[in-house]
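Have the sequence and the fold at hand, and try each task before you read its solution.

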Amino acid sequence: MERAVVLRRFLMFAGCLLWSVVATAEWYTNEQAIMGTVIRTELWSDDPLTAAEAIRLVNEEMHRIDRSMSTYKPDSEISRINRDAAKNPVTISAELLELIARGIEMSRLTHGAFDITYASVGQLYDFRAGVRPDEKQIAATLPAINYRFVELDLVERTVFFARQGVRIDLGGIAKGYAVERGAGILRAQGIAHGLVSAGGDSRVLGDRRGAPWIVGVRDPRNSDRVVARLPLIDEAISTSGDYERFFEEDGVRYHHIISPATGHSASEVRSVTIIGPDATMTDGLATSVFVMGVDNGLQLIDSLDDFEAVIVDQHGRLHRSGGFLPPKK
Ligand code: AMP
Ligand code: MG
């Protein structure tokens with residue numbers, strides 16, 4: 001055969017091979033009920049086995065984190081801490097130790113608006129059952145809210161509560177941490193375009209092949225309406241809202257984000273959405289800014305590089321951080 005013919009045939013063969021690879025690449029999506037929310041994984045892959053394995057690993061990781069960090073599971077690490085850490089130092093995993101340390105850092109950054117010991121009072125609420133503490137119970141338990149009572153020994157890997165009645169709950173950052181871990185798993189499986197979300201927290205990898213991912217910020221009082229659409233590439237986004245877990249009594253909305261200063265649900269805003277490079281941070285900051293309110297919250301976000309915020313206030317008005325505003329002339 002002439003060399004030109006061989007070359008042409010080879011190129012045709014290679015072209016077919018390439019075409020078959022490109023033609024079979026597609027989006028894979030999966031949803032699972034884990035951690036009391038819906039875990040959604042989306043990814044682009046040319047291999048169904050790789051896609052299935054990546055999804056399996058993400059879901060397995062979510063179950064693992066839930067087993068360790070759920071306060072609803074009596075045998076979780078966090079439940080063990082809450083039971084024993086006021087009596088004696090409790091030895092815990094390096095992973096939980098680090099996440100508690102990040103929670104404490106978030107408290108320092110937000111001057112206590114974020115505080116994992118909110119649960120000292122927070123444990124008295126049951127939003128599904130419509131149960132809340134009365135003023136007497138709040139007054140009795142409020143003094144146990146203070147992140148300074150949580151003493152970590154990084155060498156011995158222990159946690160100790162310096163006061164009786166202290167409880168911790170990582171609900172304000174754990175889902176962000178989990179989706180960050182999930183995105184890391186996708187990356188390790190060679191996935192370049194994907195998304196992992198857990199309720200209000202999402203982490204996207206790359207773009208949506210040629211276009212950014214678009215994540216909508218819902219109207220806090222109408223789940224069918226979107227008040228903003230945010231284009232994202234390689235970024236995390238978290239929304240904290242007063243519509244996620246709540247009940248109403250005599251016209252008052254009792255919901256799951258608690259002001260550590262009062263022990264009551266924070267009431268200045270309806271939702272906070274934060275975007276930034278790390279989902280543990282966006283999750284923690286969304287909860288924090290919800291407690292801080294519009295002015296203090298935007299001031300904090302504007303002081304941080306790489307993070308932006310969209311807030312819906314108590315009147316339904318939209319507020320944005322500096323990076324979202326058109327440049328001043
Ligand atoms: P998110 O939906 O991320 O804003 O998280 C709300 C969850 O954070 C609640 O369900 C609680 O587990 C936890 N939480 C509530 N209030 C606070 C607070 N002031 N600081 C830290 N975590 C909180
Ligand atoms: Mg949060």
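This is a predicted model: local features need pLDDT of at least 70, side-chain atom pairs count only at pLDDT 80 or more; totals for chains, interfaces and linings use all residues.

**Exercise 1.** Which strand gives the largest share of the lining of the second largest pocket?

Step 1. Start with the volume of the second largest pocket, which is about 230 Å³.

Step 2. Next, look towards the centre of this pocket: of its 16 lining residues, Val252, Arg253, Ser265, Ala266 and Ser267 are the closest to that point.

Step 3. Now assign the lining to elements. Strand β12 (residues 252–255) supplies the largest share, with 4 residues.

Step 4. Finally, sort the lining by class: 7 residues are polar, 5 are charged and 4 are nonpolar.

**Exercise 2.** Find how helices α2 and α7 are oriented to each other, and describe their contact.

Solution. Step 1. Locate α2 at residues 48–69 and α7 at residues 174–188. Their axes lie 9 Å apart, and the packing angle is about 150°.

Step 1. Compare that angle with the cut-off: over 145 degrees counts as roughly antiparallel, so α2 is roughly antiparallel to α7.

Step 2. List who meets whom. From α2 come Ala54, Leu57, Val58, Glu61, Met62, Arg64, Ile65 and Met69, and they meet Ala174, Tyr177, Ala178, Val179, Arg181, Gly182, Ile185 and Leu186 of α7.

Step 3. Sort the residues of this contact between α2 and α7: 12 are nonpolar, 3 charged and 1 polar.

**Exercise 3.** Helix α7 also packs with helix α8; work out the orientation of this pair.

Solution. Step 1. Helix α8 covers residues 279–292, and its axis comes within 7 Å of that of α7, at a crossing of roughly 160°.

Step 1. This angle therefore makes α7 roughly antiparallel to α8. The crossing of the two is right-handed.

Step 2. On the α7 side, the contact is made by Ala174, Lys175, Gly176, Tyr177, Val179 and Glu180, while α8 brings Ala279, Thr280 and Asp283.

Step 3. By class, the contact of α7 with α8 has 4 nonpolar, 3 charged and 2 polar residues.

**Exercise 4.** How do the axes of α2 and α4 cross?

Solution. Step 1. The axes of α2 and helix α4 (residues 94–109) come within 11 Å, with a crossing of roughly 75°.

Step 1. Angles of 65 to 115 degrees count as roughly perpendicular, so α2 is roughly perpendicular to α4.

Step 2. Arg64, Ser68 and Met69 of α2 make the contact with Glu95, Leu96 and Leu99 of α4.

Step 3. The classes in the contact of α2 with α4 are 3 nonpolar, 2 charged and 1 polar.

Key: Residues are numbered from 1 along each chain as its sequence is written. Chains are lettered from A and ligands numbered from 1 in the order in which they are written. Side-chain values use heavy atoms; hydrogens and water are left out. On a 1 Å grid over the protein atoms alone, a cavity is a set of points where a 1.4 Å probe fits but cannot get out, and a pocket is an open set with protein on both sides within 12 Å along at least five of seven lines; lining residues have an atom within 4 Å of a point. Grid points are joined across faces, edges and corners, and a volume is the space filled by probe spheres set on the points. Ala, Val, Leu, Ile, Met, Phe, Trp, Tyr, Cys and Pro count as nonpolar, Asp, Glu, Lys and Arg as charged, and the others, Gly among them, as polar. Axes are lines fitted to C-alpha atoms, for helices over the stretch in contact, and angles run from 0 to 180 degrees between N-to-C directions. Angles under 35 degrees count as roughly parallel, over 145 as roughly antiparallel, 65 to 115 as roughly perpendicular and the rest as oblique. Contact means heavy atoms within 4.5 Å. A crossing is left-handed if the near helix is turned anticlockwise from the far one by less than a right angle, and right-handed if clockwise.
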